[in-house]
Amino acid sequence: MTLQSTSEPAEHQGAAVGSSFYAAMRILPRPQREAMFQVYSFCRYVDDIADSDEPRDLRAAGLQRWRDDIDALYRGAPPPRLADYQGSVQAFGLKREDFLAIIDGMEMDVTADIRAPEDATLDLYCDRVASAVGRLSVRIFGLPEQDGILLAHHLGRALQLTNILRDIDEDAGLGRLYLPREGLLAAGITSVDPATVAADPAVPNVCAPLVARALKHFDAADEVMSRNPRRVVKAPRIMGKYYYSILQLLIARGFAPPRTPVKLGKAAKIAILLQYAIV
């Protein structure tokens with residue numbers, strides 16, 4: 001993994017290719033599109049550090065270098081890999097604390113493998129790794145301050161909870177368990193071993209409240225987007241509908257083990273894109 005190379009716009013775009021968000025980013029006007037690719041590229045870099053097989057101290061050091069580089073960017077002396085971020089930071093008013101919050105979220109996976117966090121810790125994690133990304137994104141999209149922060153809060157959590165529900169088995173393979181401790185205990189599960197929990201027949205009882213929570217966040221995000229111009233919210237609309245559709249597939253499949261992987265098909269993605277991309 002090479003993290004020290006000079007960043008170029010094509011590199012940022014390449015990092016996003018194949019992601020669920022790529023099509024939503026592609027429809028934006030060029031300045032917004034390039035800024036979103038930069039944000040996504042940054043997220044990929046720090047996520048790759050958190051998920052790497054390197055020792056924890058080396059991963060923590062890698063994240064600290066990103067903190068130092070973000071600080072340098074906001075001092076007006078960005079390192080080469082962040083040089084082209086300056087224009088976006090100035091044009092869209094991107095906040096230093098949101099970049100740093102994302103790094104803090106990644107560090108939660110580095111300090112120790114997350115296993116059955118308390119509900120408040122899970123919400124903090126969702127805020128850092130998802131809603132902080134949303135707070136950067138809504139500034140790029142051009143939403144008003146208050147609605148932008150509200151949309152980031154709800155849509156970020158909706159997306160991250162959907163990820164958690166989708167990736168139970170994949171996360172267990174990494175030694176991680178994001179299902180909340182309170183939910184496990186309520187379902188009669190006392191283990192916090194990821195593989196043991198993933199195979200427990202009571203897992204659907206843990207997932208049901210998370211599904212309900214994610215649906216409430218999707219509804220709240222839709223309410224915010226409905227009172228803003230379509231051209232401003234078309235990208236988050238597409239992102240939200242992608243993930244809402246994934247959540248519906250998960251609900252239809254169920255959460256009892258063994259679970260088959262769920263993926264949104266190409267035709268469904270195109271249908272969403274056609275519905276919301278054209279203003």
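This briefing walks through some helix packing, aromatic rings and loop details of one structure.

The model is a predicted one, so local features need pLDDT of at least 70, side-chain atom pairs count only at pLDDT 80 or more, and totals for chains, interfaces and linings use all residues. Residues are numbered from 1 along each chain as its sequence is written, and side-chain values use heavy atoms, leaving out hydrogens and water. Helices are DSSP runs (H or I, at least four residues), as are strands (E, at least two), and they are numbered from the N terminus.

**How α4 sits against α6**

- Helix α4 covers residues 56-74 and helix α6 covers residues 96-111; their axes come within 10 Å and cross at roughly 175°. Here, axes are lines fitted to C-alpha atoms, for helices over the stretch in contact, and angles run from 0 to 180 degrees between N-to-C directions.
- That crossing angle makes α4 roughly antiparallel to α6. As for the wording, angles under 35 degrees count as roughly parallel, over 145 as roughly antiparallel, 65 to 115 as roughly perpendicular and the rest as oblique.
- On the α4 side, the contact uses R56, R59, A60, L63, W66, R67, I70, D71 and Y74. On the α6 side come R96, F99, L100, I103, D104, M106, E107, D109, V110 and T111. Contact means heavy atoms within 4.5 Å.
- Sort the residues of this α4 and α6 contact by class and you get ten nonpolar, one polar and eight charged. For these classes, Ala, Val, Leu, Ile, Met, Phe, Trp, Tyr, Cys and Pro count as nonpolar, Asp, Glu, Lys and Arg as charged, and the others, Gly among them, as polar.

**How α3 sits against α6**

- Helix α6 also packs with α3, at an angle of about 20° and with the axes 9 Å apart. The two helices, α3 and α6, are therefore roughly parallel to each other.
- Their crossing is right-handed. A crossing is left-handed if the near helix is turned anticlockwise from the far one by less than a right angle, and right-handed if clockwise.
- From α3, the residues involved are F42, C43, V46, D47 and A50, and from α6 they are F99, I102, I103, M106, D109 and V110.
- The class count for α3 with α6 is nine nonpolar, no polar and two charged residues.

**How α8 sits against α13**

- L151, L155, L159, T162, N163, L165 and R166 are the α8 residues, and they meet P236, G240, Y243, I246, L247, L250 and R253 of α13.
- That contact of α8 with α13 splits into nine nonpolar, three polar and two charged residues.

**Aromatic rings**

- Searching the whole structure turns up six aromatic pairs. Rings of Phe, Tyr and Trp (its six-membered ring) pair if their centres lie within 6.5 Å; planes under 30 degrees apart count as stacked, over 60 as edge-to-face and the rest as tilted.
- Take Y45 and W66: their ring centres are 5.5 Å apart and their planes at 25°, so this pair is stacked.
- Y45 belongs to helix α3 (residues 30-51) and W66 to helix α4, so the pair ties together parts 21 residues apart in sequence.
- Y45 is buried at 13% relative accessibility, and W66 is buried too, with a relative accessible area of 1%. Buried means under 20% relative accessible area, exposed over 50%, and partly exposed in between (1.4 Å probe, protein chains only).
- Ring pairs also join F42, Y45, W66, Y74 and F99 into a cluster.

- A116 is in the loop between α6 and α7 (119-141). Its phi is near 50°, a positive value in a residue other than glycine, and A116 is buried at 0% relative accessibility.
- N228 sits in the loop between α12 (203-226) and α13. N228 is buried, with a relative accessible area of 10%, and, not counting residues up to four places away in sequence, N228 touches L143, P144, D147 and V233.
- P258 is in the loop between α13 and α14 (266-276), and the peptide bond from P257 to P258 is cis, with omega near -5°.
- G105, within helix α6, is buried at 0% relative accessibility. Setting aside residues up to four places away in sequence, G105 touches Y125, R128 and V129.
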